[in-house]
Amino acid sequence: MDFQMASFITSGLLVIIGLYGVFFVDNVLKKIIALEILGSGVNLALIAIGYNGGTIPIKLPGVSVEVFAKESAYPLTHALVLTNIVIEASMLAVMLGVSIILYKKYKTLRSSVILKED
């Protein structure tokens, strides 16, 4: 099994674990953690898509354009992952802030209790 296939399998497992946590776990904080695991799985899948032999996507002197285009990693997916990491950090801060407000209002983080009271 090569590195790219192992990365796809791992990302699939992370996505499945994250989806399970989002839909079947009752605690709001655990749902937030599950969303972060889901996002990590998506990021790993994007990195695996852009992987092309492990060569960095920087054209060095002495490397022909044909060799560079054939062997370098695809930089767009890495840029998407960096953007996704920034967005996830912002979303995490907002979700944790909302969970603090929910805890102060309902004195619990169980989503079944919170949804019943509204």
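This is a predicted model: local features need pLDDT of at least 70, side-chain atom pairs count only at pLDDT 80 or more; totals for chains, interfaces and linings use all residues.
**Notebook: surface, fold and annotated spans**

Next I checked burial. Of the 118 residues in the chain, 21% count as buried, buried being under 20% relative accessible area.

I then turned to the secondary structure. I found 5 helices and 0 strands. Read from the N terminus, the elements run α-α-α-α-α.

For overall shape I looked at the radius of gyration. The chain has 20 Å, whereas a compact globule of 118 residues would have a value near 13 Å. I also noted the extent of the C-alpha trace, which spans about 65 × 30 × 15 Å along its principal axes.

Residues 24 or more positions apart account for 59% of them.

I went through the charges. I noted 9 positive and 8 negative side chains, and the centres of the two sets lie 12 Å apart.

Last, I consulted the record. The unreviewed UniProt entry annotates residues 6-25, 32-51 and 79-103 as "transmembrane region". I checked two of these spans against the model. Residues 6-25 are 95% helix and 0% strand, and their end C-alpha atoms lie 27 Å apart. Residues 79-103 are 100% helix and 0% strand, with 36 Å between the end C-alpha atoms.

Notes:
Residues are numbered from 1 along each chain as its sequence is written. Side-chain values use heavy atoms; hydrogens and water are left out. Helices (H or I, at least four residues) and strands (E, at least two) are DSSP runs, numbered from the N terminus. The radius of gyration is taken over C-alpha atoms; the globule rule is 2.2 Å times the number of residues to the power 0.38. Buried means under 20% relative accessible area, exposed over 50%, partly exposed in between (1.4 Å probe, protein chains only). Contact means heavy atoms within 4.5 Å. Lys and Arg count as positive and Asp and Glu as negative; His and the chain ends are not counted. The place of a charge is taken as NZ of Lys, CZ of Arg, CG of Asp or CD of Glu. UniProt positions are given in the numbering used here, feature names are shortened, and annotations may be inferred rather than shown by experiment.
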